Amino acid sequence: MRKLFGGRLATFFLTTICVAACLEPYTPPEVSATGNLLAIEGVVNTTDAVATVKISHPLVINSDDASKMETGAVVSIVTETGKSWQLPEISPGVYVVNGINIQPGISCHLTVTTGSGAQYESAVVEMTQTPAIDSVYFNYDDDGLEVLVDTHDDSGASHYYQWTYTETWEYYSQFTSYLKVVPGGIQGQSVIPRKPEEFASRCWRTVPSTQIIIASTQNLSGDVVSGKLLMSIPVGSQKVSNKYSMLVRQRVITEDEYIYLSQLQKTTENLGGLFDPQPSQVYGNIKRVSETGGTAIGYFSGGSYREKRVFKSFSDLPEHLAIKPSRTACLIDTICYNPPNRSPIRCVVDLANVPLTENIIGEIWQGINLVGYVSTSDACADCREQGGVLQKPEFW
C-alpha cells in the first residue's frame, strides 16, 4: 500500500569557516583540510551548578558527514583558588559535571587533555552575573508574529547579552486513527477500537535555538535592551496552530565573548552576498599548550542564567493571523471486509492482507452491513512522523 513520508530532519552544524563568492563558490585552503582543528565549546551555568564541554573535529562546510566527536579526553575546570572539577564523558564528545559550585565573580579556566596526549587550556574567565528578564512578548504584523525580549541592568555593569531559547508547540495529525488491526476474526485479522493511550494524533515538538542572538548596550546612554528580536513565526505556521511556548534564557557575557560571537555570527550567518564578510577563521579563547595536537577553536565562558517562559494560543491570535497551516494532500485507501464479493466498494486490499500497523480512520457501511474500512498513511495519521512526541511536557 502507498505510504507518505515527512520531510527530513535537518541538523545545524556550527562551523568556523564559511564560503562566500560573487559568481562562483570559493573554497579557502583551510576548508579542504580540517584535520588539524579541534573544536572545544564549554560553558559553566552557575545558576544550575552544571558545566558542559563539547569537543569535536569540525568538517568541511560542504560535507554531508557528522562531526567526529573527541572521546576519551580528560576535561577539568579549575578556579583561581585552585579548586577543580573533572567532567565525565556522558556521551561521545560531551563532558558534563553537576554540582559545580562556582559563584558569579569567580574566575576559572578549562583544561583538556585528549586521548592522544594533546593539551589545551582556555583563558581565565570571570563568571558573570545576569540581571532578570523584564519581559518576553509577541508583536504582530502582516507576515506573522515576532517574539521579542526586554531587559536592563540598573547597575550598568552588564553591557553584553546573549539569548538562547527552546520552542515547544502542540499540534495534531490530519486524521485520527481510532481503530487498529489485530490478529483473529473471519479473515484472520479484525479491527477493534484503540485504547486512549494508543492514539497518535496529538503531539508536542521541542526544538532548541541555533542562531547566535546577542546585543550590546556599551554605546547607549543606559544599560537597557528593548525589543530585541528573538525569532519570527510566519502566518499559518504549525507552531501556532494550537498552542505554542518559548523558554528564553538570558546570560550576560564578557566583551571578549561578545566580539567572538559577533565574528562567528558574521562568518556563519551573513555570508553569500557581494558585500558580506569574506571567509575567516574564528579561534576563540582556547589554545594548545602541548607541542603536539591540532589548533583549537571555540570558547569557554560561564555565569548565571535568567529564564522566562511565555505561551501563545491560536485563539489569542488576531483575526488576520488566525490561519491554520496548509494540510498535506493525504491519500486514502479502502479496505474490503469479508466477504469481498458482497462489498459494493472498490478496495485496494482486503482485510486479511492489511499490516497490523495500518492506520484505520473510519468504517464503510452499506445499510446495516459493515463492508470496509478507510485507512491512510503514517504521515497523515501519526503526528510523530512530524518530529513530535506523544508525552505532554510537564510545564504544559
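Buried here means under 20% relative accessible area, with exposed over 50% and partly exposed in between, using a 1.4 Å probe and protein chains only.

A quick word on the model. It is predicted, so local features need pLDDT of at least 70 and side-chain atom pairs count only at pLDDT 80 or more, while totals for chains, interfaces and linings use all residues. Residues are numbered from 1 along each chain as its sequence is written, and side-chain values use heavy atoms, leaving out hydrogens and water.

Back to our tryptophan. Trp 163 sits in strand 13, residues 160-172. Strands are DSSP runs of E with at least two residues, helices are runs of H or I with at least four, and both are numbered from the N terminus.

What does Trp 163 touch, leaving aside neighbours within four places in sequence? Its contacts include Val 149, Ile 213, Val 225, Lys 228, Leu 230 and Val 248. Contact means heavy atoms within 4.5 Å. Lys 228 is 65 residues away along the chain, yet the two C-alpha atoms are separated by 9.7 Å. With Gln 250, the Trp 163 side chain makes a side-chain polar contact of 2.9 Å. That term covers a pair of N or O atoms within 3.5 Å; within protein, one must be able to donate a hydrogen and the other to accept it, and residues adjacent in sequence count only if both atoms are side-chain atoms.

Now the core. In soluble globular proteins, nonpolar side chains tend to be buried together. The largest nonpolar core here has 28 residues, and Trp 163 is among those touching the most other members, along with Val 147, Leu 230, Tyr 244, Met 246 and Val 248. Such a core is a set of buried Ala, Val, Leu, Ile, Met, Phe, Trp, Tyr and Cys residues joined through side-chain atoms within 4.5 Å. Strand 13 gives the largest share of this core, 5 residues. A second, separate core of 25 residues includes Val 44 and Ile 102.

Zooming out, the protein has 2 helices and 27 strands. Of its 396 residues, 44% are buried.

One last stop, strand 5, residues 84-87. Which of its residues are on the covered face, and which on the uncovered one? Trp 85 and Leu 87 are on the covered face, Ser 84 and Gln 86 on the uncovered face. Gln 86 is the bridge partner of Ser 76.

Technical notes. Two strands pair if DSSP finds at least two bridges between them.
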